[in-house]
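Biologist: I have the sequence and the coordinates open. Can you walk me through the fold, one question at a time?

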Amino acid sequence: MLDEQAKKTMLRKIPHGLYICGVRDGEEIINGFTVSWVMQSSFKPPLIVNCVKQDTGSHGIIKKTEVFALSFLDSGQKDMAAKFFKPQSRVGNKFADVEFYLGEVTGCPIISDSLGYVECQVRGTVEEGDHTVFVAEVVGSGIHREGDQLLLESTGWQYGG
């Protein structure tokens, strides 16, 4: 028998970093959203998995374009993570007051004040449950500065379970 409270408690103990996933569809549509279900999955080729909620506009953009960029947030950027958690339909242009540039490989937005980034090309998907698992190859990367990564557990927020 599945103990719902135990399941929730234990799944929330899985550590997660916080990232801003930048997406772009043509010249007009640029968005970013906070993600935490990310991990490395292969050395050769360098693969990561990024789990994205299916009922979002950015999910549709990734499915269409098959590219995204992840900006790694530092431990002092909780406010930025909170800003990008909000749906674009409610808050409008989330990049309006955030300095960013477009990645050389994917053309996706990368936050200038992040620790660094990876640009990714989707190689496969798993569509089970309410999130899609995008398996993506790291095709570009860079380091902006040193620092400690922002972790979900350090924010007091809960996403999972």
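**Reading the model**

Modeller: Phe85 touches Thr34 and Trp157, once residues up to four places away in sequence are set aside. Keep in mind that this is a predicted model.

Biologist: Is Phe85 buried, partly exposed or exposed?

Modeller: The relative accessible area of Phe85 is 33%. Buried needs a value under 20%, and exposed needs one over 50%. Phe85 is therefore partly exposed.

Biologist: What distance separates the C-alpha atoms of Phe85 and Val35?

Modeller: Phe85 and Val35 are 50 residues apart along the chain.

Biologist: What is the strand order in the open sheet?

Modeller: The sheet has 7 strands, with antiparallel pairing. Its edge strands are β2 and β3, each of which pairs on one side only. From one strand to the next, the twist averages 35°. The order is β2-β1-β5-β8-β9-β4-β3.

Biologist: How many bridges join β8 to β9?

Modeller: β8 and β9 form a hairpin with 2 residues between them. Gly129 sits in the turn and has a positive phi of about 70°. Along the pair, Thr125 stands opposite Phe134 in β9. The strands run antiparallel, and the number of bridges joining them is 12.

Biologist: Which residue in β8 is the bridge partner of Phe72?

Modeller: β5 and β8 run antiparallel. They are joined by 6 bridges. Within β8, the bridge partner of Phe72 is Gly116.

Biologist: And in β5, which residue is the bridge partner of Gly22?

Modeller: β1 and β5 also run antiparallel. Here 4 bridges join the strands. In β5, Gly22 has as its bridge partner Ala69.

Biologist: At about what angle does α2 run to β1?

Modeller: Helix α2 lies across β1, β2, β4, β5, β8 and β9. Relative to β1, α2 runs at about 60°.

Biologist: Which residues have the most contacts inside the largest nonpolar core?

Modeller: In soluble globular proteins, nonpolar side chains tend to be buried together. The largest nonpolar core here has 17 residues. Elements that each supply at least two of its residues include β1, α2 and β5. The residues with the most contacts inside this core are Cys21, Ile62, Phe68 and Leu70.

Biologist: How many residues are in the other core, the one with Ile20 and Leu73?

Modeller: This core lies apart from the largest one. Its members also include Ala81 and Leu152. The number of residues is 11.

Biologist: How far from Cys21 is the nearest cysteine sulfur?

Modeller: A search of the whole structure finds 0 disulfides. A disulfide needs two cysteine sulfur atoms within 2.5 Å. Cys21 is buried, with a relative accessible area of 0%, and Cys108 is likewise buried at 0%. The nearest cysteine sulfur to Cys21 is that of Cys108, at a distance of 7.6 Å.

Biologist: Which side chain forms a polar contact with that of Asp25?

Modeller: Asp25 is found in strand β1, residues 19-25. Beyond its neighbours within four places in sequence, Asp25 is in contact with Ile61, Lys64 and Thr65. The polar contact spans 3.0 Å, and the partner side chain is Lys64.

Biologist: Does Asp25 count as buried or exposed?

Modeller: The relative accessibility of Asp25 is 19%. The limit for buried is under 20%. Asp25 therefore counts as buried.

Biologist: Where is Glu66, the residue with a positive phi?

Modeller: Phi of Glu66 is near 60°, a positive value in a residue other than glycine. At 39% relative accessibility, Glu66 counts as partly exposed. Its place is the loop between α2 and β5.

Biologist: What is omega for the peptide bond from Lys44 to Pro45?

Modeller: Pro45 is in the loop between β3 and β4. The bond from Lys44 to Pro45 is cis. Its omega is near -5°.

Notes: Residues numbered from 1 in each chain as written. Predicted model: local features only at pLDDT ≥ 70, side-chain atom pairs only at ≥ 80, totals over all residues. Heavy atoms only, no water. Buried < 20%, exposed > 50% of the residue type's maximum accessible area, 1.4 Å probe, protein only. Polar contact = N/O pair within 3.5 Å; in protein donor to acceptor, adjacent residues only side chain to side chain. Contact = heavy atoms within 4.5 Å. Core = buried A, V, L, I, M, F, W, Y, C linked by side-chain atoms within 4.5 Å. Pairing = 2+ DSSP bridges. Axes fitted to C-alpha atoms, helices over the stretch in contact; angles between N-to-C directions.
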